[in-house]
Amino acid sequence: MLIEFTVGNYRSFNQPQTLSMVAAPIKAKNPALNENCVINLSGSNPNLLTSAALYGANASGKSNLFKALLFMKQFVIRSSQGTNPTGGIGVEPFRLRIDTLTQPSSFEIVFVQEEKRYRYGFEVTSDRVTAEWLYFVPSTKEARLFEREGDDIKVGSYFTKEGRDLTQHTRPNALFLSVVAQFNGEIAQQVVSWFRQLGIISGVEDRGMLPFTLHQLQQEAGQPAIKELICRLDLGIEDLEVQRLPAKVPHALIDSLPEEKQLALLTLLGVTESTPPEQLTLQTRHIQYGADGQPMGHELFEMDEHESEGTQKLLAMAGPLLDTLQSGKILIVDELDARLHSLMTREIISLFNNKETNPHGAQLIFNTQDTNLLDNTLLRRDQIWFVEKEPHGASQLYSLVEYKERNDKDFERGYMQGRYGAIPYLRRVLDVVSNQYA
């Protein structure tokens, strides 16, 4: 579970900004939200929120927060795989100040894994890791696992067994955590496995989720839940069928390669003499009616050809959504509401904000422009976040809970009136158009 994430000097973020999933000591207007939207953890861990929504004007930096999380995840997983000693770190500092261009970008995340709280972070330039640290809470007090300043790595007593002999084998542009995990360090592998399970997806370019949903539909455990979700969303779909079709093999490309490379490519595509290539497609089953309006049978539709863009998105997202809920994972969605009706988006959020559908404490973090979701019966004040650019172009991140608002306030009206900031300023645009046609 995610406790908080902090990023600094990355893309549109200059000074460190923190997104916190810690539940504030407030009471929502809807008492059910206090029960359903809060995850009660044991021991010294704080109570956490099941979901968080980010609002802000276009180009305010909402997507950059998710890109920062994605960068951190990918660097943790892949940094030990390189061979060059320096360079190759695809980090982009805040570019609107001269003094930040050569300074490192910073990333820190606090989370719970297997009932233990960890705090992990690093600072990097495009050439090297300048700092790295990992702490955890074995009982009640935070303890150091390791700290790194440049090439100097100090290993704590809890980390000595797995990390002591690897400090000299860590390249300047690789994370020590990733190296130790690669050598089967138990604690390091637990931390890296948390990052692997962190789901970060785009609500606009959502077709990348479809293969996972197709895979889940072929599993006995995942198939009923996905079908039930889709059938309940009022899409007119009665059932789903996964169709196996011959895959299109690029024969012209294959024939142009040397024989040994042809074999390697065919193996990669899963093509053998006994196993022809296949591709999976999704078909939706609809009721077919007679002239009298009575059901007569069913008709199969090809998802790509006959279903709307919004329906295709819901079909693609169904697998990751339900897997997150069933496994108690974290799902981060950039532009969750794109191509979806407001009630559909609300229903997805409600799946996380309900202990019956979210018994394992899964978390959903998303950005949106749908102000209908700024509803005090759907979200608590601490679940609503804003991203706004200050005059010098840096993104600022803050929560509605920082405002002294009553819990029964009309959040949507307050936001649209500009009371919380994070809205576009459009008067100059209107002036330009008026002057153009005057």
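Where is the place of Gly 163? In this predicted model, where local features need pLDDT of at least 70, side-chain atom pairs count only at pLDDT 80 or more and totals for chains, interfaces and linings use all residues, the place of Gly 163 is in helix 3, residues 160-163. Residues are numbered from 1 along each chain as its sequence is written, and side-chain values use heavy atoms, with hydrogens and water left out. Helices here are DSSP runs of H or I with at least four residues, strands are runs of E with at least two, and both are numbered from the N terminus.

Gly 163 counts as buried because its relative accessibility is 0%; buried means under 20% relative accessible area, exposed means over 50%, and partly exposed is in between, with a 1.4 Å probe and protein chains only. Setting aside residues up to four places away in sequence, Gly 163 touches Val 155, Phe 176 and Val 180, where contact means heavy atoms within 4.5 Å.

Now for the whole protein. Its secondary structure comes to 14 helices and 18 strands, and buried residues make up 50% of its 438 residues. Take the contacts between residues at least 6 apart in sequence: 64% of them join residues at least 24 apart. The protein exposes about 22500 Å², with carbon and sulfur atoms supplying 49% of that; such areas come from the Shrake-Rupley method with a 1.4 Å probe, and for residues only the protein chains shown count as cover.

Next come two helix pairs. The axes of helix 11 (residues 309-327) and helix 12 (residues 342-352) come within 11 Å and cross at roughly 15°. Axes are lines fitted to C-alpha atoms, for helices over the stretch in contact, and angles run from 0 to 180 degrees between N-to-C directions. Helix 11 and helix 12 are therefore roughly parallel to each other, since angles under 35 degrees count as roughly parallel, over 145 as roughly antiparallel, 65 to 115 as roughly perpendicular and the rest as oblique. Leu 314, Leu 321, Thr 324 and Leu 325 in helix 11 meet Met 344, Ile 348, Leu 351 and Phe 352 in helix 12. Sorted by class, this contact has seven nonpolar, one polar and no charged residues; Ala, Val, Leu, Ile, Met, Phe, Trp, Tyr, Cys and Pro count as nonpolar, Asp, Glu, Lys and Arg as charged, and the others, Gly among them, as polar. The buried residues of helix 12 include Met 344, Ile 348 and Phe 352, and the buried residues of this helix pack against partners including helix 1 (31-36), helix 7 (223-232) and helix 11.

Helix 2 (residues 62-78) and helix 5 (residues 186-196) pack at an angle of about 135°, with their axes 9 Å apart, so helix 2 and helix 5 are oblique to each other. Here Met 72, Lys 73, Val 76 and Ile 77 in helix 2 meet Val 192, Phe 195 and Arg 196 in helix 5. That contact has five nonpolar, no polar and two charged residues.

Finally, two more single residues. Lys 227 sits in helix 7 and is buried, with a relative accessible area of 18%. Asn 47, in the loop between strand 3 (38-39) and strand 4 (48-49), counts as partly exposed at 33% relative accessibility.
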